[in-house]
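Biologist: I should like to examine the terms used for this model one by one. Please set each value against its definition before drawing a conclusion.

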Amino acid sequence: SIPGDRRTTAGRQAPVPGQGGADGRGRGQDRAIAFAAALHAVLGRRVHVITANDYLADRDAALLGPVYRSLGLDCGAVLGHMERRERRHIYRRGIIYGAMRELGFDHLRDHLGTAPEERVQQPLDVAIVDEADHALIDEAYTPLIISGNPLGGTRWAVRVNGAVADMIAEQRVLAEGLAQDLDANDDRSPERLRLLAKLILANPDNKTLRQHVSQALHAHLLQQRDVDYLVDDDSVVLIDQHTGRPKPDSIYQHGLQQAVEAREGVTVQPENETLAQISVSGLVSRYGQVAGITGTAEPAAGEFRRKYGLVVAVVPPAHPLLRTSIPPAVYLSREDKLAAVVDEVEARHRTGQPVLVGTRTVEQSEELAGLLSERRIPHRVLNAVTTHTEAAIVRDAGAFGAVTVATHMAGRGTDILLEPNLDDRMGLCVMGTEVHDSSRITLQLNGRSGRQGQFGMTQTFLSLEDRLVNLDAEAILKLANCRRMDAAGLTCYTGPDVSRRIQQLQDAADREGESQRALIQDYAAELDHQTHLYHQRRQELIGLASDTERVRPMCEQVVAKVASRLAAKHLGPDVDNDYAVRFGRMQAELRRDFGVECSHLYGMDLGLLPESLAELLTAQLDRLASRCGGSAFPELARLLYLQVCGELWPGHLTTLRDLLAVQLLSGSNHKSSVAAYILRCTGAWNAFWDMVDEEFLSRLATLQTGASGTQAAQPVKVSGATERLLAMDAPLPVDEGHGSITLI
């Protein structure tokens, strides 16, 4: 990882408002970034400007390209439709715009290659992140995954879904019956408690069953349609909880996606093998210097400092803030709240003031839209279902009398332009309808109003039935001095004491969110750490192409480790009367997997056995090297080791994911749970490299058989690059005494 002081310096060197900072929510961020990018580029550093999507990357690169070129700098954008040759050309430029996902996937693909010329990216020097709080805080541990072949089938999801749906229905009936029964009597006999315990535990040792059933329960009881995801045609599309936008390129992991698809009755897609994975935070940590800009960095200043070493600085607005913020009003019921919102929208619509009403979910936006329709108030809806008309809706949201109902996707990446003279009279009115899990969402939404010195207004309508407000409902009801009647005669609570209570709830939600992100960070950091070490190892192997003298020592190290493990595995310190049986097993494994005969080592001093086994394996490699030729053997061994790493790495990632899924079900506290996970992952890491060494040595040793009379080697799989290498080299002599090489 990158030292914190370098990251802090990166922010300080770049004249980007806030380093990781805040600029008052949307005051020319793209132009401010240009100053920082140009400064780094003229100093010879390659700059990646990381945007939210391809559209913004392409737009900003085209908009600012003439500015960069006037300074003698070249600029380009990496977009999703580009081929690798075009990407390689773009990455050679000084300033590159690109979405986080495109830069991340190119980084992962570069580390799947086997030769330096296959890479498209240049060294990662400087990253400047737009909407930095969303990318580096909210999405920091979202994994970027390159998938491979499907893993298994999907029947389990359909079968478990039906069973879980029936179980939930029966459980509800049983719970109602038990509740009535408990009211009638107090049967707490040991027999009854024992029966309940058996029903609850129900085969806890079956990890596969536990995970599948757990995910099916999660899909039925915790995931909400039009809140966490939406159904589009025959597929389940996730909704970004921080922006409200659909995420068609994202899926749930650990079988939850399949469980949700089964619940919704759409086609269940199989879970794919993971070829490579890295989190957003892990990707950003690969850059030498990091800076960013956003309008809402200040509430997350502590996280920026702790996670990235970035200092947040707030840039004052260029114009005085003329936005009026009306204190929140808390109504007794959700129905009263919505009625008050509709009344207020109607009143402002009659005056011609444009209104933007923010909701938390798609379902809430559709419900409010229905109430507006009943009042015959013209309006438009912007949510994850209507993204195809987003540009038109945003363009018209500042028109005279316009009413727009939107999820918090309206809070980022949008500029609502008011009709001329509207800003001189009233400006845009933003209405909130719920306390969000993050104060930054509220700030983003309110920031649509009163921009660039314009007039504006914000107002929040809440109810005691709202998810977060309900946590403090009793305390609010006790604030008799804040009890009011609105114009329609509805009871509400408003005033400084209510505002203070709501702020306390918001602060608590922010702390809980930060705590949850810290837990996810601790889990994700271990996978990112192992991925980083793996990528380093691969780069070392790729670098050996120009330094073949180091390949043979590498092979000798592998031989020594494999020999020691074989001796310890079969003839460890606990060997007693079954020496002959154990030696026979070792002899069979050596003959089968490595093509060597060790019968003459029977009875040897166990302390000398590892060295003797290493000599046998080394002799086997010497025979192969003599037949391949001195120039071909190092390259063959290097490519084969890379191939084995690539084949086994996806399985290791699956192991880490399974370990995480099991750990999340353990119910341990934060520190002990993370510590247990790290210990298990460390064991899995060591086991992975043991497997790589043994598989590599087995394939390399059995590419050619030993002396006449030894058992024929099994066919060995080699990659296309290895096959081409063998085909290009001098023909390998093959005769009856030395067997043959089989390529599949």
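Biologist: Over residues 705–716, where does pLDDT stay, and how many contacts beyond four places in sequence does the model have?

Modeller: This is a predicted model, in which local features need pLDDT of at least 70 and side-chain atom pairs count only at pLDDT 80 or more, while totals for chains, interfaces and linings use all residues. Residues are numbered from 1 along each chain as its sequence is written, and side-chain values use heavy atoms, leaving out hydrogens and water. The term pLDDT is the predictor's confidence in each residue, from 0 to 100. Over residues 705–716 pLDDT stays under 50, and the model has 23 contacts beyond four places in sequence for them; contact means heavy atoms within 4.5 Å. Residues 723–744 also stay under 50, with 36 such contacts. Where pLDDT is low, the predicted coordinates should not be read in detail.

Biologist: What is the average pLDDT of the protein chain?

Modeller: The protein chain averages 80, and 80% of the residues score at least 70.

Biologist: Why is E367 called partly exposed?

Modeller: Buried means under 20% relative accessible area, exposed over 50%, and partly exposed in between (1.4 Å probe, protein chains only). E367 has a relative accessible area of 33%, so it is partly exposed. E367 lies in helix α14 (residues 362–374); helices (H or I, at least four residues) and strands (E, at least two) are DSSP runs, numbered from the N terminus. Leaving aside neighbours within four places in sequence, E367 is in contact with R334 and L338.

Biologist: Why is helix α5 described as largely enclosed?

Modeller: Nine of the 11 residues of α5 (residues 100–110) are buried, so the rest of the structure largely encloses this helix. Among these buried residues are M100, L103, F105 and L108.

Biologist: What makes strand β11 largely enclosed?

Modeller: Six of the six residues of β11 (residues 289–294) are buried, so the strand is largely enclosed by the rest of the structure. Both faces are covered: Q289, A291 and I293 are buried on one side, and V290, G292 and T294 on the other.

Biologist: Why are β7 and β9 called edge strands?

Modeller: Three strands form an open sheet in the order β7-β8-β9, with antiparallel pairing. The strands β7 (229–232) and β9 (246–247) each pair on one side only, and these are the edge strands. Two bridges join β8 (residues 235–239) to β9, and P246 is the bridge partner of I239.

Biologist: What makes a set of residues a nonpolar core?

Modeller: A nonpolar core is a set of buried Ala, Val, Leu, Ile, Met, Phe, Trp, Tyr and Cys residues joined through side-chain atoms within 4.5 Å. The largest has 59 residues, and L590, F594, L613, Y641, F696 and L700 have the most contacts inside it. Helix α23 gives the most to this core, with 13 residues. Apart from this core lies another, of 58 residues, among them Y91, M100, L103 and L136.

Notes:
Two strands pair if DSSP finds at least two bridges between them.
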